[in-house]
Amino acid sequence: MKILFVTPELYPFAKTGGLADYSSSLALKLYEMGHDVRVIMPKYRSVRSITTEMSASLVQHSIELLNIAFEFTIVQASLEDKVPVYLVENDGFFDREELYHTRYGDYPDNAVRYIFFNRAVLDGVKRLDFRPDIIHCNDWQTSLIPVLLRSKYKSDPYFKQTAAFLTIHNLAYQGSYWHYDMKLTGLGWEYFTPDTLEFYGRLNLLKGGILFSDMITTVSPNYAREICSKKHGHGLEGILKQRKKNLCGILNGIDLQTWSPETDPHLPAHYSHTSMAGKTENKRLFLQEFGLRSKPGLPLVCMISRLESLKGIDILLAMCQEMMHLSLQFVVLGKGRFDYQEALTALQQQYPDKMRYFQAFDEKLAHRIEAAADIILLPSLYEPCGLNAMYSMRYGTVPVVRKTGGLADTVIDFQTNPARATGFTFNSYSGKALLQCLKNALGLFAKQKSWRQLMLRGMTADFSWDKSAKQYTELYSHIIKRKTE
């Protein structure tokens, strides 16, 4: 199959979260399976830091937005010297310090930026002479593409056999904008109705993608069920129920080469489920480097996350004073909301002998923390997939998670199923519930034989992409067949 994978993020070119890892891992797995897969994404400023060869301009063209021509160039790089990566270049839109926002909020022209990108993808791919069987879109930033394929390009023979596929990574982010931005799409107002792109008087790009795609997936089966409910549907539950026959949840895999404690180049000491001494050494060196005391039997608890309310930072902060009086050390890596950053900075100042906060997105440090920590906290309000839980288990770091979304699909609770358990889960979204769940974990940590068994079950669990990629290709084949019938 010929697959055009359209994404706003791709590791290592640009990353704010799990979408970047998902994009690179799935694209590489599809390549390994023998498919002709190409990735296309914006050429952000962060791409400059990637040491990879880039081609001369393959495409130079322009898109008209509100009677103004905006030029773009497409250059080509590659993912691990295997998968071609097309980069849509327009410095005015994409040469910025961050991808989507600053500390003060979203970029005010995000609608223009990503509508431009969507239109450039379809105009550009024709000039690249790559005729895809599938265009696999991801999240709101690419959701206009299915709409354009079924409207502006409906009679274009180039895309006659092309199927549109959309993966929702987080339904909360919908690309909702002022109705006047509809003019940027190049579509007529007949597409701004309750049955198309209009949503409570606003332009909603994700809604359009859901309605116009041949198939919609989410990144875990449980999340696919949750988003059809009022509690988790963010207003789109009715549309998702309407398209339920074309909605499927596929649990993400992880890249077992990137996330391997046996070979990870970021770690000072390597280890495996058969030889765990390296994990102890990683912890010792990490604590030493960052000025925390190394004491046998004292657990290191971590959190690696974007600092957004949906990640449970509010309930973490609600219980952190009580937590800091427990026998543990605590480290947090992440940045996001300014008030959360300030609160964590203040916590470090209050407990300098027990806590460290790193205000950053730092891939190397994330790997080191995963290897050094004993426990990771994932107290999310909702969590479509929960890749961090899989990474952590792979590194022998036991997850303490709220039972929601993909976390419910991946973490087996010790309290309810000790024989198969891989972590600890709680249901109520509260600081009290999180604290009690952490105390349960600390209670087992004191029993080192039982704790080691829990670690080993997580480390040997199968989180590879093999099964997931097969499910994707089966869905691709199904909708291609349906398209040609």
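Me: Is S220 buried or exposed?
Reply: In this predicted model, local features need pLDDT of at least 70, side-chain atom pairs count only at pLDDT 80 or more, and totals for chains, interfaces and linings use all residues. Residues are numbered from 1 along each chain as its sequence is written, and side-chain values use heavy atoms, with hydrogens and water left out. Buried means under 20% relative accessible area, exposed over 50%, and partly exposed in between (1.4 Å probe, protein chains only). Because S220 has 0% relative accessibility, the residue counts as buried.

Me: Which backbone oxygen does the side chain of S220 reach?
Reply: S220 is in contact (heavy atoms within 4.5 Å) with residues including G249, D409 and P384. At 2.6 Å, the side chain of S220 reaches the backbone oxygen of P384.

Me: What is the separation of the C-alpha atoms of V37 and I3?
Reply: V37 belongs to strand 2 (residues 36–42); strands (E, at least two residues) and helices (H or I, at least four) are DSSP runs, numbered from the N terminus. I3 is among the contacts of V37 beyond four places in sequence. Although 34 residues apart along the chain, their C-alpha atoms are separated by 4.6 Å.

Me: What is the relative accessible area of D81?
Reply: D81 lies in the loop between strand 4 and strand 5. D81 is not a glycine, yet its phi is positive, about 60 degrees. Most residues other than glycine have a negative phi. D81 is exposed, and its relative accessible area is 73%.

Key:
A polar contact is a pair of N or O atoms within 3.5 Å; within protein, one must be able to donate a hydrogen and the other to accept it, and residues adjacent in sequence count only if both atoms are side-chain atoms.
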